[in-house]
Amino acid sequence: MREKIKNPILRGFHPDPSVIRVGDDYYIATSTFEWWPGVRLHHSTDLKNWELIEYPLNRVSQLDLRGVGASQGIWAPCLTYDKGTFYLVYTIVRSFYCNMYDTENYLVTAQDIHGPWSEPVGLNNFGFDPSLFHDDDGRKYIVSMATDHRVPKKYAGRLVLQEFDSEKKKMIGEVKDIYAADRIFLEGPHIFKRNGWYYLFAADTGTGEAHGQSILRAGNVWGPYEMFRAGFMERKEENEAYSILTSRHHPDILLQKSGHCDLVETKAGEWYAVHLCGRASKDCNPPEAKKFPGSRRYMIGRETAIQKMRWTEDGWLVLDGGGSLPQEEVDLPEAGGGKAEGTVSGKRSSLMPGVSGRLVRDDFSGETLHLDYQSLRIPMDGHYISLKARPGWLRMYGRSGLSSKFSQTLLARRMTEYRMEASACMEFEPEVFKQMAGLVFLYDTDNYLYLHVSRDEEIGKCIALLKAENKKYEYLTEYLPLREQAAVYLKMEIEENLVQFYYGYSEADMHKAGIAVNAGFLSDEACGEGWFTGAMIGICCQDLTGFGKYADFDFFEVK
């Protein structure tokens, strides 16, 4: 019996996967939205074991996200490879919760997967989810969905195609609709060519629990495209697509929200699809919620899973095991060998400093941060943090508040399971109440739980737990007094949707900071503005006086 791959393969906030194989190496790119650097790249040699290796968009000249809203920023990267060059196309969304979307589409290239990656080349901005197709005659095309600001929209879903000149690095020729439908919405398109057929592989029916994946084909890249329809496809409404993969109508299975696929062929000729999915918490939105009333909450966000595929005799793509439901375990490829953890082909780019491999407890003893950390919208340069000011510690200089979309001092890692712990040891001596630092559990700038040290005029140095839920703010504890000139240990324990915070003066002697809190509101479904990312666990520092008071962190652990 073949070894199995267990899903999800990329756990926690890793949506919109795009996959390629180059020789013996597989690479997946995923969306990062407002988190910086942009686009996470993972590497594998067997499709089972994956290692975070790079962020291609790691310079401010490539990516400036200052001011973008929650769940805006980098959407749906598409990674391809052709004749020695890696291509990455992606959208920067700058206006979304409005009538007229601003969806800027760009291309960067590299000769080595580790970079350096080029400065961005602008493409067309008709909509989001651009994908680059390399035809076998050497011509290249960009396909994307098209947004429609008209009221009402003329079509429920629309995909457009335009040629790209790789020599001139510009879009050329006419923009044409290759899909326009009154009822069935498609996005996240990719084009593949096989046995003379052009296949249009696209996500369907939104990105929630009705999500799915459709496949269409045509004899010409410009269409007309015919959608695959088969008896195994479950449809209960006319606006539901004919999906070859979906969790729709099966709320009991683990991998919900399944869709937004990309394809890869192994050396042995086997086919696999990577797709986004979600694992629901046990919490739900209240029935009176303005957004998604009564829906299940997905705190972890949308993740990446993999399915084994096969081609039918008449040239359609289906799940290898039959039906349309995603499987929790799939067969390892025939060519799959031993463990690939900790191995990466080629050399790491000097332009992207960082340490890879699995990170649990970080004692900040190195000269660069681990790649797992991300910040909000901007890089954490010397204005925000330092690993050299106090060797063996991370110094964080307090800047703007947690609602800032411009200059936060914050580093975070993903929530990956519904049972986790996080802890940190911090030295911080605030002088006024406007100076804060601590441990934060957040979804976006409007939604978080923040266990932080500060100073009160009567109590002195103190600690408190602040809750922000869609811009409603409340303290869940009193201001609890702390010793002066003493390190403080901070901890949080997640059990399903409940989180308990602790503080103390050693890891062996911790006290509860309030009662367990329902943190289910830190989810796609509950947050008022953002709905595409996932809960993050971080450390941060604010100084609203403008003087940059710093906090020193001895370690940060997430397990």
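This is a predicted model: local features need pLDDT of at least 70, side-chain atom pairs count only at pLDDT 80 or more; totals for chains, interfaces and linings use all residues.
Leu-41 stands opposite Glu-54 in strand E6. The whole structure holds 43 salt bridges and 26 aromatic pairs.

- Strand E5, which covers residues 40–44, pairs with strand E6 in the antiparallel sense, and three bridges join the two.
- These two strands are part of an open sheet of four strands, whose order is E2-E3-E5-E6 and whose pairing is antiparallel.
- The edges of the sheet are strand E2 (18–22) and strand E6 (51–54), each of which pairs on one side only.
- From one strand to the next, the twist averages 30°.

**Salt bridges**

- Arg-296 and Glu-209 form a salt bridge through their side chains, with 2.9 Å from N to O.
- Arg-296 is in the loop between strand E21 (271–278) and strand E22 (302–311), while Glu-209 is in the loop between strand E16 (197–204) and strand E17 (212–218); the pair therefore ties together parts that are 87 residues apart in sequence.
- Both partners have intermediate accessibility: Arg-296 is partly exposed at 22% relative accessibility, and Glu-209 is partly exposed with a relative accessible area of 33%.
- A salt bridge also joins Asp-320 to Lys-308, where the closest N and O atoms are 3.9 Å apart.
- Because Asp-320 lies in the loop between strand E23 (317–319) and strand E24 (329–331) and Lys-308 lies in strand E22, this pair ties together parts that are 12 residues apart in sequence.
- Asp-320 counts as partly exposed, at 31% relative accessibility, whereas Lys-308 is buried, with a relative accessible area of 13%.
- In the salt bridge between Asp-552 and Arg-395, the closest N and O atoms are 2.7 Å apart.
- Salt bridges with shared partners connect Arg-2, Glu-270, Lys-308, Asp-320 and Glu-334 in one network.

**Aromatic pairs**

- A pair of aromatic rings is described by two quantities, the distance of the centres and the angle of the planes.
- The ring centres of Tyr-373 and Phe-556 are 6.3 Å apart and the planes stand at 25°, so this pair is stacked; the cut-off for stacking is planes under 30 degrees apart.
- Tyr-373 lies in the loop between strand E25 (361–362) and strand E26 (375–376), and Phe-556 lies in strand E41, so the pair ties together parts that are 183 residues apart in sequence.
- Tyr-373 and Phe-556 are both buried.
- Tyr-397 and Tyr-550 form an edge-to-face pair, with 6.1 Å from centre to centre and 80° between the planes.
- This pair links distant parts of the chain, since Tyr-397 is in strand E28 and Tyr-550 is in strand E41, 153 residues apart.
- Tyr-397 is buried, with a relative accessible area of 19%, while Tyr-550 is partly exposed, with a relative accessible area of 36%.
- Ring pairs also link a cluster made of Phe-13, Phe-33, Trp-75, Phe-96, Tyr-101, Phe-128, Phe-292, Trp-531 and Phe-532.

**Charges over rings**

- Arg-395, the salt-bridge partner of Asp-552, also has its charged end over the ring of Tyr-550, 3.7 Å from the ring centre.
- The charged end of Arg-390 sits over the ring of Trp-393, at 3.7 Å from the centre of that ring.

- Met-145 is part of strand E12, which covers residues 140–145.
- Leaving aside residues up to four places away in sequence, Met-145 touches Phe-126, Gly-127, Phe-128, Asp-129, Arg-158, Leu-159, Phe-185, Leu-186, Glu-187 and Pro-189.
- One of these contacts, Phe-128, is also a member of the aromatic cluster.
- Thr-80 is 65 residues from Met-145 along the chain, and the C-alpha atoms of the two are separated by 18 Å.

How values were computed: Residues are numbered from 1 along each chain as its sequence is written. Side-chain values use heavy atoms; hydrogens and water are left out. Two strands pair if DSSP finds at least two bridges between them. Axes are lines fitted to C-alpha atoms, for helices over the stretch in contact, and angles run from 0 to 180 degrees between N-to-C directions. A salt bridge is a side-chain nitrogen of Lys or Arg within 4 Å of a carboxyl oxygen of Asp or Glu. Buried means under 20% relative accessible area, exposed over 50%, partly exposed in between (1.4 Å probe, protein chains only). Rings of Phe, Tyr and Trp (its six-membered ring) pair if their centres lie within 6.5 Å; planes under 30 degrees apart count as stacked, over 60 as edge-to-face and the rest as tilted. A charge sits over a ring if NZ of Lys or CZ of Arg is within 6 Å of the ring centre and within 35 degrees of the ring normal. Contact means heavy atoms within 4.5 Å.
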